[in-house]
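Welcome! Take a look at the model below, and then let this short briefing guide you through a few of its features.

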Number of protein chains: 2
Amino acid sequence: MIKTVSNRKRVKLSPKFVTNEIAINCIVFGYVGGNLKVLMVKEENDGENKWRLPATFMKKNETANDATQRLLQESGIKESIFLSQLNAHCDPNRMITIGHYALIDTEKYSINKSTMSWIKISYIQQLFYNQNAIFEEALMRLKRMVQDTPIAIKLLPRKFALPELMNLYEAILGVEIDKPNLRKKILGSKYVLQLNEKSYSFTYRSTKLYTLNLAVFNSYDSKIADYDF
Amino acid sequence: MIKTVSNRKRVKLSPKFVTNEIAINCIVFGYVGGNLKVLMVKEENDGENKWRLPATFMKKNETANDATQRLLQESGIKESIFLSQLNAHCDPNRMITIGHYALIDTEKYSINKSTMSWIKISYIQQLFYNQNAIFEEALMRLKRMVQDTPIAIKLLPRKFALPELMNLYEAILGVEIDKPNLRKKILGSKYVLQLNEKSYSFTYRSTKLYTLNLAVFNSYDSKIADYDF
DNA sequence: TCAAAAGTGTTGGCATTACACCCATGT
DNA sequence: ACATGGGTGTAATGCCAACACTTTTGA
């Protein structure tokens, strides 16, 4: 067996090693008004209103995760469905930004800052600095997760219709979904329970309502944890 | 369309926001002597030789990727098959460590530092600080990649036998592989070309040798790029 | 009454799994 | 000669994509 170091002397940094300020930003995904949206911050710039990703800096005694939780709290989001770190992006001589992405149940929590709002992902164009790269990374990770786990259901309201879920999948993946196959997959999975109610909220048509089968869903929690990386 | 900020005033940091020193470490995987191994650094500690992951600190003008490349260079590794960032691990009040993992063609490059050596992954026990978490993360990412892409072939010597590839898969995934099914998969994929040679190097038995079909393999480069996240 | 959208059923193909088996060879 | 490990073939399975189809319902 290989013996490894259990405690090590404190490293002394020579001047050539820089220390940096650490920025945190978070791509917050939510399903709002039938659309996949991202939480953005309004910023006054030369009298014009423009948008950027929510961001903060790491404080003393905080981990990156702590700082991100704080960032969410400050926006009125007490809890997220899922939160994970993305790559750290380095802008030499400027700063290091650790990206994150979060999934939010927008039925449970509403943002409390007038400077923020939900922006449809198709509207997001050119972000400044490295924020586009981080956004793309978040979207790619969301796509991967949504294809391999049932987590998308948690983005929907507690009572939802299958066409609504299909609409969400299409928004996230950016492709058309085959309706019969999606129904088979979802209903066959036992993730959802059918309710004795019908809805007119999503479309003008009435549709059967379903709700998450928590017991079955929770048995997949360990699989969802894999998507931390 | 939403307008976004294209340039922003420099942020002034208040004293409550800390700046940190950024450590880099890298889990370097290689296939050596029929085993999956990781590059470790010998460290004198109270007269005993112990092992740790290769590490450095980010210098001025460097990105995390730059620093990792430098770390590899300093060990004699000019090029890697694959290199990707892992999560940043935060130890409050101490430092931030950005993990990386690299795959190395050990036939092409040999380490030039007497303080380093290749350690079988099954021998790696308790690492100090957060290095275990980073190691587990690297291994999980490697497993995922190896299951979904043919990259494992690139870890092998230029000429290799199928039982050797099978052995590598078993070492990485930690499970038994069904021999007939693996053969079908690999040979059916056209990733490999059969050579008119036989080998006695891997086992005492003679086996047919194969080599990577670069043209076919390269058509999957874009898929491999997905594993940056 | 008609179009659009909800909802159902059938099919074929592809990939994965399990496993039985033959063959070559080093001891 | 025989055990070990290299190498081959086949059948069962399950998943997924494609698509034809019926039913409902709001306008």
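**Around DNA strand D**

Nine charged, five nonpolar and four polar residues make up the surface near DNA strand D. Please keep in mind that this is a predicted model.

**Who lines the surface**

- Among the 18 residues around DNA strand D, the nearest are R205(A), K179(B), P180(B), K184(B) and R205(B).
- At least two residues each are supplied by α5 (179–189) of chain A, and by α5 (179–189) and β10 (207–212) of chain B.
- With four residues, α5(B) gives the largest share of this surface.

**Contacts with bases and backbone**

- Sugar or phosphate accounts for 41% of the atoms of DNA strand D within 4 Å of the protein, and bases account for the rest.
- K184(B) has a side-chain N or O atom 2.9 Å from a base oxygen of DNA strand D.
- K198(A) meets a phosphate instead: a side-chain N or O atom lies 3.3 Å from a phosphate oxygen of DNA strand D.

**A closer look at T211(B)**

- You will find T211(B) in strand β10 of chain B.
- T211(B) counts as buried because its relative accessibility is 15%, below the 20% cut-off.
- Its side chain comes within 2.8 Å of the backbone oxygen of R158(B).
- Beyond its neighbours within four places in sequence, T211(B) is in contact with R158(B), F160(B), Y191(B), V192(B), L193(B) and L195(B).

Note on methods. Residues are numbered from 1 along each chain as its sequence is written. Chains are lettered from A and ligands numbered from 1 in the order in which they are written. This is a predicted model: local features need pLDDT of at least 70, side-chain atom pairs count only at pLDDT 80 or more; totals for chains, interfaces and linings use all residues. Side-chain values use heavy atoms; hydrogens and water are left out. A residue is near a molecule or strand if one of its heavy atoms lies within 4 Å of it. A polar contact is a pair of N or O atoms within 3.5 Å; within protein, one must be able to donate a hydrogen and the other to accept it, and residues adjacent in sequence count only if both atoms are side-chain atoms. Ala, Val, Leu, Ile, Met, Phe, Trp, Tyr, Cys and Pro count as nonpolar, Asp, Glu, Lys and Arg as charged, and the others, Gly among them, as polar. Buried means under 20% relative accessible area, exposed over 50%, partly exposed in between (1.4 Å probe, protein chains only). Contact means heavy atoms within 4.5 Å.
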